[in-house]
Amino acid sequence: MKPTAFEYVRAGSLDEVLTVLEERGDEAKVLAGGQSLIPTMNMRFAAPEVLIDISGVTELRGIEVRDDVLRIGAMCRHVEVLNAPEVAEHAPLIAMAMPNIAHAAIRNRGTFGGSLCHADPAAELPACVLALDARLNIDGKSGPRSISARDFFLGTYMTCLADDEVLISVDVPKVMSENVTFFDEVARRRGDYAMAGLASQATVRSGFITDVRLAFFAVGEVAVRAPHAEQALQGILLQDMDADAICSAIADDISPFDDLTTSGAAKLTMMQVLTRRAVESFAKQGAHA
Ligand SMILES: Cc1cc2nc3c(=O)[nH]c(=O)nc-3n(C[C@H](O)[C@H](O)[C@H](O)COP(=O)(O)OP(=O)(O)OC[C@H]3O[C@@H](n4cnc5c(N)ncnc54)[C@H](O)[C@@H]3O)c2cc1C
């Protein structure tokens, strides 16, 4: 199918994006890499009257190392993030996740910000920013604001962005030497959307594990933390971690529902397998910290 007719505006600056968004309200949609929006329009699930192409807006580009955060521009393409040495050094969790996002052709066009704004529950990056407690920088008619990843995602394909707002960049706290990180997912083939996935980070100090964040994806309406399982790990001496107890706590946190390919029960088992792998990996990384 083909999309319905639309106007196309190639914005040259952030001001221009915000002006068109203010004038056209919910008739307008921002176009980043187009890897999700264009198929949606082709299937006529979306029919915006105007597309605002943000690919030429310099304010949305670039990866910058700041004092204690790594700032990733919303318009950074997946391939740039995948290949950036700054990401590998300061945000290894994101570097681990990137090769799992789709295939090279899609990573050449798709963007970091587009993936977050699209808020697909099976996408890797929402879970990563949740696990890293990142902050999302937004601008719009009522001025700039910064919001925690915890508050950004509202549901399947739903975020807290207003119609006149744009995601500008994401501030990811730089990894510290005491941090341990783990990323893994179960997918039918490499590059397919995951059936279940886990992005996680914790801190190990004097052999004790703290600040545990387990963020699961492809198991619910939105990427989700697992507070009971996190609590079962919190403050525990590495060698005393009880993988069985932590894995069974997952069932108290999340009841995955069936999707087109995978039953909720199978997803729960995958989550427990991933959690066990995370615990083993934390123990190994912590022993060398
Ligand atoms: C075959 C295929 C397989 C894929 N597999 C995966 C996968 O395994 N994992 C995965 O995570 N993704 C996957 N994707 C999705 C891909 O990562 C997309 O690039 C991503 O979801 C959307 O990014 P985009 O830049 O293309 O955004 P677009 O398609 O341009 O936009 C998506 C939505 O976000 C909004 N938007 C974009 N940028 C901004 C911004 N800065 N501010 C406000 N709103 C904005 C748009 O208006 C639109 O509503 C796949 C896509 C395809 C086609």
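Predicted model: local features only at pLDDT ≥ 70, side-chain atom pairs only at ≥ 80, totals over all residues.

Reader: Which residues are the closest to its centre?
Author: Of the 47 residues that line the largest pocket, Ser 36, Leu 37, Gly 114, Cys 117 and His 118 are the closest to its centre.

Reader: And which elements give two or more residues to that lining?
Author: They are strand 2, helix 2, helix 7 (112-118), strand 9 (158-159) and strand 10 (166-173). Helix 7 provides the largest share, 5 residues.

Reader: How does the lining divide by class?
Author: The lining of the largest pocket has 24 nonpolar, 16 polar and 7 charged residues.

Reader: What is the volume of the second largest pocket?
Author: The volume of the second largest pocket is about 500 Å³. Among the 20 residues lining it, Asp 120, Ala 122, Tyr 193, Ala 194 and Asp 259 are the closest to the centre. Domain 2 (58-173) and domain 3 (179-287) each supply at least three residues to this lining.

Reader: Turning to strand 2, where does it sit in its sheet?
Author: Strand 2 is an edge strand, as is strand 1 (7-10). The sheet is open, with 3 strands in the order 1-3-2 and parallel pairing.

Reader: Which residues stand opposite each other there?
Author: Ala 28 stands opposite Val 50 in strand 3, and Tyr 8 stands opposite Leu 51 in strand 3.

Reader: What does helix 2 make with strands 2 and 3?
Author: Strand 2, helix 2 (residues 37-42) and strand 3 form a right-handed β-α-β unit.

Terms used
Residues numbered from 1 in each chain as written. Heavy atoms only, no water. Pairing = 2+ DSSP bridges. Helix = DSSP H or I, 4+ residues; strand = E, 2+ residues; numbered from the N terminus. Right-handed = clockwise from strand over helix to strand, strands pointing away. 1 Å grid on protein atoms, 1.4 Å probe; cavity = no way out; pocket = protein on both sides within 12 Å on 5 of 7 lines; lining within 4 Å. Nonpolar A, V, L, I, M, F, W, Y, C, P; charged D, E, K, R; others polar. Points joined across faces, edges and corners; volume = space filled by probe spheres on them. Domains from an automatic or database assignment.
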